[in-house]
Amino acid sequence: MVDAGSDERFMREALALAQEAAQAGEVPVGAVVVKDGGIVGRGYNRPISSADPTAHAEIVALREAALALGNYRLPGCELYVTLEPCAMCVGAMVHGRLARVVYGARDPKTGACGSLVDLTTLATNHHGRFEGGVLAEECAGLLRGFFALRR
């Protein structure tokens with residue numbers, strides 16, 4: 001679908017959104033949905049500011065992409081997110097029929113792509129690819145810095 005250079009470029013877009021989340025006092029996670037080389041959905045964490053437990057970066061980006069494309073199914077789309085998705089987000093990605101999900105840092109506390117559990121291997125009606133480690137250190141560093149300031 002895309003090359004390593006595109007993976008880095010789109011992850012940097014997600015990192016910029018994660019910075020916006022941090023500036024808003026939210027856990028710094030950002031996500032973008034890409035279709036045919038262009039961004040069709042953007043999101044950053046906002047459960048605190050929106051009083052919505054589902055307002056994870058991935059869900060916000062998926063909602064924006066679905067509206068932009070006029071369909072809740074997002075075949076041929078890729079999602080880039082700075083932190084390994086949780087169970088809720090993996091479920092939404094599978095239901096949205098994403099072709100590929102690329103994440104940065106692993107999340108040993110809630111990661112559902114292999115760190116805590118691996119929901120990506122369950123038998124479902126759709127199997128997209130889930131890949132981690134793109135700009136992992138930068139993504140993890142942003143999170144570490146955010147939480148260090150709060151301690």
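## Rings, helices and cysteines in a predicted model

The charged end of Arg9 sits over the ring of Phe10, 4.2 Å from the ring centre. Here a charge counts as over a ring if NZ of Lys or CZ of Arg is within 6 Å of the ring centre and within 35 degrees of the ring normal. Arg46 does likewise with Tyr44: its charged end lies over that ring, 4.2 Å from the centre.

This is a predicted model, in which local features need pLDDT of at least 70 and side-chain atom pairs count only at pLDDT 80 or more, while totals for chains, interfaces and linings use all residues. Residues are numbered from 1 along each chain as its sequence is written, and side-chain values use heavy atoms, with hydrogens and water left out.

### The chain as a whole

The protein chain has five helices and five strands. Both are DSSP runs numbered from the N terminus: helices are H or I with at least four residues, strands are E with at least two. Their order along the sequence is α-β-β-α-α-β-α-β-β-α. The radius of gyration is 14 Å, close to the 15 Å that the globule rule gives for 151 residues, so the chain is as compact as a globular protein of that length. That radius is taken over C-alpha atoms, and the rule is 2.2 Å times the number of residues to the power 0.38. Along its principal axes, the C-alpha trace spans about 45 × 35 × 30 Å.

Buried residues make up 45% of the 151 residues. Buried means under 20% relative accessible area, exposed means over 50%, and partly exposed is in between (1.4 Å probe, protein chains only). Take the contacts between residues at least 6 apart in sequence: 57% of them join residues at least 24 apart. A contact means heavy atoms within 4.5 Å.

### Aromatic pairs

There are two aromatic pairs in the structure. Rings of Phe, Tyr and Trp (its six-membered ring) pair if their centres lie within 6.5 Å; planes under 30 degrees apart are stacked, over 60 edge-to-face, and the rest tilted.

| Pair | Centre to centre | Angle between planes | Class |
|---|---|---|---|
| Phe10 and Tyr80 | 5.3 Å | 40 degrees | tilted |
| Phe146 and Phe147 | 5.2 Å | 80 degrees | edge-to-face |

What does the pair of Phe10 and Tyr80 tie together? Phe10 lies in helix α1 (residues 4-23) and Tyr80 in strand β3 (residues 77-83), so the pair links parts that are 70 residues apart in sequence. Phe10 is buried, with a relative accessible area of 2%. Tyr80 is buried too, at 0%. In the other pair, Phe146 counts as buried at 7% relative accessibility, whereas Phe147 is partly exposed at 33%.

Helix α1 has 20 residues. At 1.5 Å a residue it should span 28 Å, and its end C-alpha atoms are 29 Å apart, which agrees. The expected span is 1.5 Å times one less than the number of residues. Buried residues in α1 include Ser6, Asp7, Phe10, Met11, Ala14, Leu15 and Leu17. Their cover includes β1 (30-35), β2 (38-44), β3, β4 (100-105) and α5 (136-150). Just after α1, Gly25 takes a positive phi of about 85 degrees.

Met11 sits in this helix. Met11 is buried, with a relative accessible area of 0%. Beyond neighbours within four places in sequence, the contacts of Met11 include Tyr80, Val102, Tyr103, Leu135 and Cys139. Met11 and Asn71 are 60 residues apart in sequence and 24 Å apart in space, C-alpha to C-alpha.

### Helix α3

Helix α3 (residues 57-69) has 13 residues and reaches 18 Å from first C-alpha to last, close to the 18 Å expected. Its buried residues include Glu58, Ile59, Val60 and Leu62. Among the elements that cover the buried residues of α3 are β1, β2, β3 and α4 (87-95).

### Cysteines

How many disulfides does the structure hold? It holds zero. A disulfide is a pair of cysteine sulfur atoms within 2.5 Å. For Cys77, the nearest cysteine sulfur is that of Cys89, 16 Å away. Cys77 counts as buried at 0% relative accessibility. The sulfur of Cys139 is 14 Å from the closest cysteine sulfur, in Cys113, too far for a bond. Cys139 is also buried, with a relative accessible area of 1%.
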